[in-house]
Amino acid sequence: MLNVKNWNHVFKLDPNKSIEERYLKDLCESGTDAIIIGGTDGITFDNVFDLQDRVQKYDITCILEVSTMEAIMPGFNGYFIPLVLNSREKRYVMDIQHQAVKEYGDWIDWREMAVEGYCVMNEQAKVFEAAQCQLPSKEDVLAYAKMAEHMFNLPIFYLEYSGTWGDAELVRDVAAELEQTVLFYGGGIETLEQAKIMKKHADVIVVGNIIYEDVQAALQTVNACKQ
Ligand code: 1GP
């Protein structure tokens with residue numbers, strides 16, 4: 001299985017947004033642990049292929065976070081498969097994944113794959129609506145974390161605040177529940193200081209939006225993970 005246990009920081013690039021080559025180079029050479037290619041809107045085979053092709057030129061692990069069956073392709077170093085734990089609809093937890101395994105199971109190299117137990121915490125995020133989520137209470141989140149660790153043995157539990165700054169105390173409390181499962185935090189990290197706050201508790205911090213607003217600030221966040 002794809003091993004993320006030693007990771008600290010990742011950049012998430014949206015194939016539906018454009019990025020200049022010099023900035024892409026800086027991100028890939030920043031010391032981050034991986035580039036994740038993923039998003040919610042406008043994900044196509046062509047824009048994922050194009051971005052993968054560009055990232056591949058650099059010596060960096062490149063992961064596809066699968067959000068649509070139409071844009072799955074070989075050539076990535078690994079594949080993240082989200083299960084949206086706080087979705088109201090079983091299909092975002094299990095059915096889409098079931099369909100994919102039914103169709104492509106014989107071709108999947110399971111060693112390249114890791115499942116992410118997603119808990120989506122921002123009601124305004126596109127993914128919240130797209131995956132028909134319901135906002136969990138603190139107790140709900142802690143129970144999802146326990147399930148991820150003890151019932152499903154998931155490699156990753158992803159506290160996803162996409163687009164907004166999250167609750168650092170909750171991140172701390174979730175971290176206390178997890179031993180084997182790696183805690184990813186993503187959402188609203190725009191500065192080195194914010195990166196340090198969340199990195200105190202989360203194993204891996206995910207930096208997305210700020211890349212497209214202020215790439216120098218995005219690059220600074222990697223320093224939160226350097227000793
Ligand atoms: C989004 O968790 C990532 O999937 C990062 O969030 O875009 O808010 O940085 P931001």
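1. **Ground rules.** Since the model is predicted, local features need pLDDT of at least 70 and side-chain atom pairs count only at pLDDT 80 or more, while totals for chains, interfaces and linings use all residues. Residues are numbered from 1 along each chain as its sequence is written, and side-chain values use heavy atoms, with hydrogens and water left out.

2. **Strand 4, inside the structure.** Helices (H or I, at least four residues) and strands (E, at least two) are DSSP runs, numbered from the N terminus. Take strand 4, residues 78-84: 7 of its 7 residues are buried, so the rest of the structure largely encloses it. Buried here means under 20% relative accessible area, exposed means over 50%, and partly exposed is in between (1.4 Å probe, protein chains only). Which residues cover the two faces of strand 4? Gly78, Phe80, Pro82 and Val84 sit on one side, with Tyr79, Ile81 and Leu83 on the other, and they are all buried.

3. **Neighbours of strand 4.** Two strands pair if DSSP finds at least two bridges between them. Strand 3 (residues 62-65) runs parallel to strand 4 and is joined to it by 3 bridges; look for Leu64 opposite Tyr79. Strand 5 (residues 113-120) also runs parallel to strand 4, with 6 bridges joining them. There, Phe80 stands opposite Ala114.

4. **Strand 8 and its partners.** Strand 8 (residues 204-207) has both faces covered too: Val204 and Val206 point to one side, Ile205 and Val207 to the other, and all are buried. Strand 1 runs parallel to strand 8, joined by 3 bridges, and Phe11 stands opposite Val207. Strand 7 pairs with strand 8 in the parallel sense as well, over 3 bridges, with Gly186 opposite Val206.

5. A salt bridge is a side-chain nitrogen of Lys or Arg within 4 Å of a carboxyl oxygen of Asp or Glu. How many does the whole structure hold? The search finds 13 salt bridges. In one of them, Lys12 meets Glu65, the closest N and O atoms being 2.9 Å apart. Lys12 is in strand 1 and Glu65 in strand 3, so this pair ties together parts that are 53 residues apart in sequence. Lys12 is buried at a relative accessible area of 12%, and Glu65 is buried at 7%. Shared partners also put Lys12, Glu65 and Glu160 into one salt-bridge network.

6. Glu21 and Lys57 form a salt bridge with closest N and O atoms 3.7 Å apart. This pair links distant parts of the chain, 36 residues apart: Glu21 is in helix 1 and Lys57 in the loop between helix 2 (45-55) and strand 3. Glu21 is partly exposed at 32% relative accessibility, and Lys57 is exposed at 57%. Then there is Lys196 with Glu193, at 4.0 Å between the closest N and O atoms. These two are 3 residues apart in helix 7 (residues 192-199), which means about one helical turn separates them.

7. **Aromatic pairs.** Rings of Phe, Tyr and Trp (its six-membered ring) pair if their centres lie within 6.5 Å; planes under 30 degrees apart count as stacked, over 60 as edge-to-face and the rest as tilted. By this rule there are 9 aromatic pairs. Phe76 and Tyr79 make an edge-to-face pair, 5.8 Å centre to centre with 70° between the planes, and both are buried. Trp165 and Tyr185 are edge-to-face too, at 6.4 Å and 75°. Trp165 is in the loop between strand 6 (156-160) and helix 6 (168-177) and Tyr185 is in strand 7 (residues 182-186), so the pair ties together parts 20 residues apart in sequence. Trp165 is partly exposed at 33%, whereas Tyr185 is buried at 0%. One aromatic cluster is made of Trp7, Phe80, Tyr118, Tyr158 and Phe184.

8. **Asp14, a charge without a salt bridge.** Asp14 is in the loop between strand 1 (9-13) and helix 1 (21-28). Asp14 is buried but has no salt bridge, and the nearest side chain of opposite charge, Lys17, is 4.4 Å away. (Lys and Arg count as positive, Asp and Glu as negative; His and the chain ends are not counted.) What does the side chain of Asp14 reach? It reaches the backbone nitrogen of Asn16 at 2.9 Å.

Terms used
Lys, Arg positive; Asp, Glu negative; His and termini not counted. Polar contact = N/O pair within 3.5 Å; in protein donor to acceptor, adjacent residues only side chain to side chain.
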